[in-house]
Amino acid sequence: MSQLLDGLVVKEQSGFFWVRLEEGKVYTCRLRGRLMEEAQSSDIAAIGDRVKISVMDDGTGSIEEVMPRVSVLSRSARTEGSRGAGQAEREHVIIANAEQSFFVFAAAQPAPSLKMLDRFLAIGEKSEIEKLVIVVNKIDLADREKTGEAFAPYVKMGYQVLYTSALYGDGVDQLRELLKDKISVFTGPSGVGKTSLLNAVQPGLGRAVKEVSQRREEGLHTTRDSELIRLDAGGYVADTPGLRQLTLWDVEPEELDGYFIDIAPYVSDCRFNDCTHLNEPGCAVRQAVDRGEVSRARYQSYLQLREELEEAYVLY
Ligand code: GDP
Ligand code: ZN
């Protein structure tokens, strides 16, 4: 076999993978059959995967090996089991090895949904993406001080909060600097200014990302179609509309408190080690909320997400 080359999966469409080598050459690849033989509960390859390819005589490539993933952003996909065996739950990888995720909201128009932010953050923690950044755009439309108060609990937890205005350019240089040389996820509800912000970072970038997501939304359920958009300065951005309906993949209700980084440190002090933090006596989490050390809104987000997870579990 020819020599194996190291590359990055930058695009996936209809069973083909575009793999970019370090020096910039891109090969259209298929998965080696051997990789597909084992029963898979997760996608074998996805954008962001580091792979080893061999190049065929006709200039196409074959993915021979997929390196272990450092982070996985995924959602569960229900697939029809073969031979009508009913539905099976499987992991659909939205992006592998993302190094940072930007959760974009608007300071106003539309008002930020902190419940949605809390869900994103829990998903981000679960995915093991190293850096989670909260972007508050349209800061020109809101009172800076009031907005700062709303996001203060997140700063206290250790998340970076970046205030931006795509319209006036505030924070755009910092955003560009953060994006450089990294694989980033950029997501948030529609209308908050994601496209405008990316266009401010690099002309045309927002449009390029949006075209990918629209293609995907128009596609069939089963059609995988995703892409990392390369930045002129180095690095990649993926917009992932799938995140908006994201469920927490494979999270047991009992694990959820571990993904709320402000709540997690108190859990081991609860009297019962299976404490749900809802109404048990001796709950250290509720005491922390009462003392003001954990924000009440965050606690309520935790309870709400936990209830959703428990309802989901009844189905299985
Ligand atoms: P997306 O759906 O998140 O990609 O949002 P868009 O980039 O399409 O922006 C939605 C609307 O918000 C557009 O009318 C933009 O002109 C406007 N917009 C985006 N960023 C800002 C901003 O920082 N300030 C103000 N005032 N308007 C903005
Ligand atoms: Zn408790």
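In this predicted model, an oxygen atom of ligand 1 lies 2.7 Å from a polar backbone atom of glycine 191. A polar backbone atom of valine 192 is 3.3 Å from an oxygen atom of ligand 1, and for a backbone N or O atom of glycine 193 the distance to an oxygen atom of ligand 1 is 3.0 Å. On its own, ligand 1 has 580 Å² of accessible area, and the protein covers 71% of this. Accessible areas were computed by the Shrake-Rupley method with a 1.4 Å probe; for residues, only the protein chains shown count as cover.

The shell around ligand 1 holds 16 residues, of which Asp140, Ala166, Gly191, Thr195 and Ser196 come nearest. A residue is near a molecule if one of its heavy atoms lies within 4 Å of it. By type, the shell is made up of 5 nonpolar, 7 polar and 4 charged residues. Here Ala, Val, Leu, Ile, Met, Phe, Trp, Tyr, Cys and Pro count as nonpolar, Asp, Glu, Lys and Arg as charged, and the others, Gly among them, as polar. Helix α5, residues 194-201, gives the most to this shell, with 3 residues.

The secondary structure of the protein chain consists of 9 helices and 14 strands. These are DSSP runs numbered from the N terminus, with helices (H or I) of at least four residues and strands (E) of at least two. The chain has 316 residues, and 47% of them count as buried. Buried means under 20% relative accessible area, exposed over 50%, and partly exposed in between (1.4 Å probe, protein chains only). Of the contacts between residues at least 6 apart in sequence, 66% join residues at least 24 apart, a contact being heavy atoms within 4.5 Å. The accessible surface of the chain is about 16100 Å², and carbon and sulfur atoms account for 49% of it.

Two residues were examined individually. Aspartate 43 is found in the loop between α1 and β4 (50-55). Aspartate 43 counts as buried because its relative accessible area is 9%. Its side chain reaches the backbone nitrogen of valine 93 at 2.7 Å. Methionine 36 belongs to helix α1 (residues 33-37). With a relative accessible area of 48%, methionine 36 is partly exposed. Leaving aside residues up to four places away in sequence, methionine 36 touches Leu31 and Ile44.

Residues are numbered from 1 along each chain as its sequence is written, while chains are lettered from A and ligands numbered from 1 in the order in which they are written. Local features need pLDDT of at least 70 and side-chain atom pairs count only at pLDDT 80 or more, whereas totals for chains, interfaces and linings use all residues; side-chain values use heavy atoms, with hydrogens and water left out.

Terms used. A polar contact is a pair of N or O atoms within 3.5 Å; within protein, one must be able to donate a hydrogen and the other to accept it, and residues adjacent in sequence count only if both atoms are side-chain atoms.
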